[in-house]
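Good morning, colleagues. Please look at the sequence and the structure on the screen, and I shall then take you through them.

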Amino acid sequence: MDWTTVILLLDSTIRTATPLLLACLAGLFSERAGIFDIGLEGKMLVAAFLSAAFASVTGSVWLGLLMGVAGSLVLSAIHGLASITFRGNQLISGVAINFLAAGLTVVVAQDWFAEGGRTPQLGDGERFSGIVLPGALDLRTFTIAEQRDLPLLQRFYSDVISGHSILVYLAALVVPLTWWVLYRTRFGLRLRAVGENPAAVDTAGISVTRLRFAAVGIAGVLCALAGAQLAVAEPAAGFTRDMTAGRGYIALAALIFAKWRPYPALGACLLFGFFQALEARPDLFVTLFNLRVPSALLSALPYILTVIILAGFVGRAIPPRAGGEPYVKER
Amino acid sequence: MDKMPRWADILLVPLISLILAAAISALVILAIGENPWNALKIMVTGALGSTYAWGYTLYYATNFIFTGLAVALANHARLFNIGAEGQAAIGGLGVALVALYLPWPHWTLALLGATAAAALFGAAWAAIPAFLQAKRGSHIVITTIMFNFIAAALLNYLLVGPLKPSGTMETATAPFPPSTHLPSFQDMFSTADTPLFRGTPANVTFFVAVLLCVLVWLLIWKTRLGYEIRAFGFSEGAARYAGIGATKIIMVTMLISGGLAGLMAINNTMGEAERLILNAVEGAGFIGIAVALMGRSHPLGVFLAAILFGFLYQGGAELSLWTSIPREMVVVIQALVIMFTGALDNMVRMPLERLFARRTRSTPLAPPGPTLHPPGRMAPPSTPAAE
């Protein structure tokens, strides 16, 4: 294995980890406030569709992103209505949202574009392109042979760190931001408290309902960014049916793996993103270890690891205490 | 204290939920420029209008009875089995192994063997999540979701590799031998001059499903184990105090639930495809959630809800054939049914309760009772006898 392979692998790890990370942080806000969110998948899917659809129709990727956020927020509102206002079962609401998204995106895509449930191919300007960071080289202007001759550090910086969509860098910023909000602001303290002991928060005269709706709303925005990264950030060029392909659930797994903490979430998503990147390169194991690893094993690995974590063999994962329980003010 | 008469709880609430779901579906159909009334007519003719239509409707319904019963039984212990999808897939693996590698002289014996294998494999797939919930307190919803994906990956591996006969392109096992083929409705009910159910997949498994409805009903309401399951579902603490072991109930309930889900494979794999294909379950495990919610976790309710969803499935297929409404419309309807009967139940229930409270005038307007659901568990299915 040469450096080119390593760099390509890490590059695609960053790209695949980004939607996972954004969805994972979305789940973190929601679950830390005591609202389980199985519907990450559905919100990503709707945002992926709407952002691609509106980017294609209006020609502006930013307008697309805005509509994606709006669509995701509508689903968040439904989830909030069901699980906060009407004290319904949060898990069932999440399941319903995922199906709603899976069905509606295809039905509407077929009606709008008649291309079998996809959006038209997005051209330049209709999607987020790679950003060349200061000091980095735009590798698109280099041939493979020329790239090979560059100094290793320069190649690493230019390919792995630089050249991603704005959403990738945004996701990287959201991690410390989430940490700061959760652990250094009043809002964060209350948010965590409402997930552990809502009655105490209520007694202090703070609205449990408002806090939880805020958390669910933040989750909606983050899910929308995750969906947009899938559909309208290079090299993606539009929406295809079921394009989230279980990423919402992998994000959920990463959240448990990270034990509901922001920086470990980054680590978990990079790890799971690395698995996904490896899955696309089954040849690597053969050349490296002369071993045929079935790609199915790699795709199942995040789930298997999460089950092991859940089993408590590698440190226990303890969820927020009030998670999944609707809050009843008075009995 | 009863807030509502029993008929309102059993009939009115699901009916209103269903009407709400149907109304929104009609709006969606209107929005994409089709006529909802016309769509309904196509669905009714296409799913109920002939024995051919019924042959498909009942085939789908059979799948949903199995998964619906699986979810419903777990509900009684307040366990949310979201893993019927994976359990049914692994059940298919059990059926395939038994049908392919054991010699069967007659389909009746093959059916017995496949039933045992499907139930065993399905139960085994539910065993680890059940054990982790019982012993480690791991959230059963999360673990069963994870096991759905692991099952998909496992079958993907097996059907691309070891189980695929060499020289074929399809991701499927070899066809099962003819001696394992189950009689279809066409074989059973057609006569020489009146062919019925021609070419449809409905088969003898439907009657197995009906039998299971009865057995599950007996289990839940006529046996000691069923009593323990329901008691555990109502109050874990009280059940424990009465000497009912949590570990045992969680394990046994989930094993039976997984077995029921696994049994779906005798319908779709042995009865219809006659070989194991990739993605054979096609979401039926998740529809089981809608069916169980709609049917209030009662076997009779599950049976009726499964027929309803069978109708939706076959009707949806006809819709996509005759109109520009894609098949995925069914997924939208399914989502709305789950949303209204499951998550937004209180939205329908609370105004109704207030209405009935005002009409009887016996009790002042009381705030609706709290419904506290511990994580990973659902509200107990409404059993009129309790409370």
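What share of the contacts in chain B with a separation of 6 or more is accounted for by residues 24 or more positions apart? The share is 75%. Please bear in mind throughout that this is a predicted model.

Let me stay with chain B for its overall form. Chain B is built with 15 helices and 0 strands. Its radius of gyration is 22 Å, in agreement with the value near 21 Å that a compact globule of 387 residues would have. Along the principal axes, the C-alpha atoms of chain B fill a box of roughly 70 × 55 × 35 Å. Of the 387 residues in chain B, 52% count as buried.

I turn now to chain A, taking up the corresponding points. Chain A has 14 helices and 0 strands, so its elements, read from the N terminus, run α-α-α-α-α-α-α-α-α-α-α-α-α-α. The radius of gyration of chain A is 21 Å, close to the 20 Å that the globule rule gives for 331 residues, so chain A is as compact as a globular protein of that length. Its C-alpha atoms occupy a box of roughly 70 × 50 × 40 Å, again taken along the principal axes. In chain A, 54% of the 331 residues count as buried. As for contacts in chain A with a separation of 6 or more, residues 24 or more positions apart account for 77% of them.

Next, the interface. How many residues of chain A are in contact with chain B, and how many of chain B take part? There are 43 residues of chain A in contact with 45 residues of chain B. On the chain A side, helix H3 (61-85), helix H4 (90-113), helix H11 (247-257) and helix H14 (295-310) each supply at least two residues. H4(A) gives the most to this side, with 14 residues. Sorted by class, the side of chain A that touches chain B has 26 nonpolar, 12 polar and 5 charged residues.

From the interface I move to the interior. In soluble globular proteins, nonpolar side chains tend to be buried together. The largest nonpolar core in this model has 232 residues. Those with the most contacts inside this core are Cys24(A), Ala254(A), Ala265(A), Leu69(B) and Ile338(B). Helix H10 of chain A, residues 208-232, gives the most to the core, with 17 residues.

Which residues does Leu69(B) contact, leaving aside its neighbours within four places in sequence? They are Leu212(B), Cys213(B), Val216(B), Leu260(B), Pro299(B) and Val302(B).

I now come to helix packing in chain B. Two packed helices are described by the angle between their axes and the distance between the axes. Helix H8 of chain B, residues 205-222, and H9(B) have axes that come within 5 Å and cross at roughly 70°. H8(B) and H9(B) are therefore roughly perpendicular to each other. From H8(B), the contact is made by Leu219(B), Ile220(B), Trp221(B) and Lys222(B), and from H9(B) by Leu225(B), Gly226(B), Ile229(B) and Arg230(B). By class, this contact of H8(B) with H9(B) has 5 nonpolar, 1 polar and 2 charged residues.

H9(B), residues 224-234, also packs with helix H11 of chain B, residues 246-273, at an angle of about 110°, and their axes are 10 Å apart. H9(B) and H11(B) are therefore roughly perpendicular to each other. Here Leu225(B), Glu228(B), Ile229(B) and Phe232(B) in H9(B) meet Ala246(B), Ile249(B), Val252(B) and Thr253(B) in H11(B). The residues of this contact divide into 6 nonpolar, 1 polar and 1 charged.

Finally, two individual positions in chain A. Phe274(A) lies in helix H12 of chain A, residues 262-279. Is Phe274(A) buried or partly exposed? Phe274(A) counts as partly exposed because it has 19 C-beta neighbours inside 10 Å, whereas a residue is buried if 20 or more lie within that distance.

Thr240(A), by contrast, is found in the loop between H10 and H11 of chain A. With 21 C-beta neighbours inside 10 Å, Thr240(A) counts as buried. The C-alpha atoms of Thr240(A) and Glu115(A) are separated by 9.7 Å, and these residues are 125 residues apart along the chain.

Key
Residues numbered from 1 in each chain as written. Chains lettered and ligands numbered in written order. Predicted model: local features only at pLDDT ≥ 70, side-chain atom pairs only at ≥ 80, totals over all residues. Contact = placed C-beta atoms within 7 Å. Helix = DSSP H or I, 4+ residues; strand = E, 2+ residues; numbered from the N terminus. Nonpolar A, V, L, I, M, F, W, Y, C, P; charged D, E, K, R; others polar. Axes fitted to C-alpha atoms, helices over the stretch in contact; angles between N-to-C directions. Parallel < 35°, antiparallel > 145°, perpendicular 65-115°, else oblique. Core = buried A, V, L, I, M, F, W, Y, C linked by C-beta atoms within 7 Å. Buried ≥ 20, exposed ≤ 12 C-beta atoms within 10 Å, placed from the backbone. Rg over C-alpha atoms; globule rule 2.2 N^0.38 Å.
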